Amino acid sequence: MSRPPAPHGRTGRPPVTSRTQIVTAARRIIERDGWEKLTVRGLAAELGIGATTLYHHVRSKEDLLVLVLNHYLGQIERPALPGDPRERIIAAATAVHDAAAAWPWAVEIVTTDGFVGLLDESALWMVEEILAGAEDYGCTPADAVYIFRSIWYYTAGEVLVRANTARRRAGVLGPFSLDHIDASRLPRLAAVGGEEWAAVAQRDTYETGLRALVDGLLTQTTPKPD
């Protein structure tokens, strides 16, 4: 008696989906379609598994985005930080900026107070170093948190504005112009003009502004009592 033909493909239980597979597929969707298009069901289809199976690993879209973000931040190489507290704050904040600029979509996910509670320890070293630098400078823990939050607001704003400006240049939001300004009512804006404003906006002034901000914040805070 002849044997029946062997079945094609895998049979039995589906393959176990690993954290790395989930993150890799999620990043592929984000880079291809944008983070807004990422859904648990869409990711399950990308992986070739059922949504129910994926829900054993992630509970929601936010859970999935945080998983991807933690994986990304955990892979960032830690630079050698200076011993001077002020310079350590600036170096750590610059690392935050560079990580955010590489993934501006992620900034939109964490532009809420308390986002640090969503991140893994391996992703929080930048926050830790800013707090430590501020306290080593002489700030109270509360002032250190205030300094970090102020730096984050500045950094997040910088990253999002530049990302949206890049979209504008790509024709998504239309060209920048100040031609509609009435010089009799807004003489300073009219005198600057759209071209000069755009030229200034293209300069990379993050570090200059960061240093000014950090200096101002440190002079405002109250040193810890001896």
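Modeller: What follows goes from the whole protein to the salt bridges, and then to a few other places for context.

This is a predicted model, in which local features need pLDDT of at least 70 and side-chain atom pairs count only at pLDDT 80 or more, while totals for chains, interfaces and linings use all residues. Residues are numbered from 1 along each chain as its sequence is written, and side-chain values use heavy atoms, with hydrogens and water left out.

The protein has 10 helices and zero strands (DSSP runs numbered from the N terminus: H or I of at least four residues for helices, E of at least two for strands). Of its 226 residues, 34% are buried (under 20% relative accessible area; exposed is over 50%, partly exposed in between, with a 1.4 Å probe and protein chains only). The protein exposes about 14200 Å², and carbon and sulfur atoms supply 54% of this area (Shrake-Rupley method, 1.4 Å probe; for residues, only the protein chains shown count as cover). If we take contacts between residues at least 6 apart in sequence, 70% of them join residues at least 24 apart (contact: heavy atoms within 4.5 Å).

A search of the whole structure finds 13 salt bridges (a side-chain nitrogen of Lys or Arg within 4 Å of a carboxyl oxygen of Asp or Glu). In one of them, the side chains of Arg86 and Asp215 meet, with 2.5 Å from N to O. This pair links distant parts of the chain, since Arg86 is in helix H5 and Asp215 is in helix H10 (residues 206–220), 129 residues apart. Asp215 has 32% relative accessibility, so it counts as partly exposed. A second bridge joins the side chains of Glu87 and Arg211, at 3.0 Å from N to O. Here too the pair links distant parts of the chain: Glu87 belongs to helix H5 and Arg211 to helix H10, 124 residues apart. Glu87 is partly exposed because its relative accessible area is 24%. Arg211 is partly exposed as well, with a relative accessible area of 25%.

Glu158 pairs with Arg162, and their closest N and O atoms are 2.6 Å apart. Both residues lie in helix H8, four residues apart, which is about one turn of the helix. Glu158 counts as buried because its relative accessibility is 13%. Elsewhere, salt bridges that share partners join Arg86, Glu87, Glu207, Arg211 and Asp215 into one network.

Helix H8 (residues 141–169) also holds Thr155. The relative accessible area of Thr155 is 1%, so this residue is buried. Not counting residues up to four places away in sequence, Thr155 touches Val96, His97 and Tyr206.

The largest nonpolar core has 57 residues, and Leu43, Trp105 and Ile151 have the most contacts inside it (a core is a set of buried Ala, Val, Leu, Ile, Met, Phe, Trp, Tyr and Cys residues joined through side-chain atoms within 4.5 Å). Helix H5 (residues 85–102) gives the most to this core, with eight residues. Leaving aside its neighbours within four places in sequence, Trp105 is in contact with Ile30, Trp35, Leu65 and Val68.

Leu43 brings us to helix H2 (residues 40–47), where Val40, Leu43 and Ala44 are buried. These three are on the same side of H2 because they cover an arc of only 105° around the axis (taken from the directions from the helix axis to the C-beta atoms). They pack against helix H1 (19–33), helix H3 (51–54) and helix H4 (61–74). On the face of H2 turned away from its buried side are the exposed residues Arg41 and Ala45. Gly48 follows H2 and has a positive phi, near 75°.

Last, the surface. Phe176, Val192 and Trp197 make a nonpolar patch of about 270 Å² (patch residues have over 30% relative accessible area and no salt bridge; like charges are joined within 9 Å, nonpolar side chains, namely Val, Leu, Ile, Met, Phe, Trp and Tyr, within 5 Å). Trp197 is found in helix H9 (residues 187–201), and its relative accessible area of 43% makes it partly exposed.
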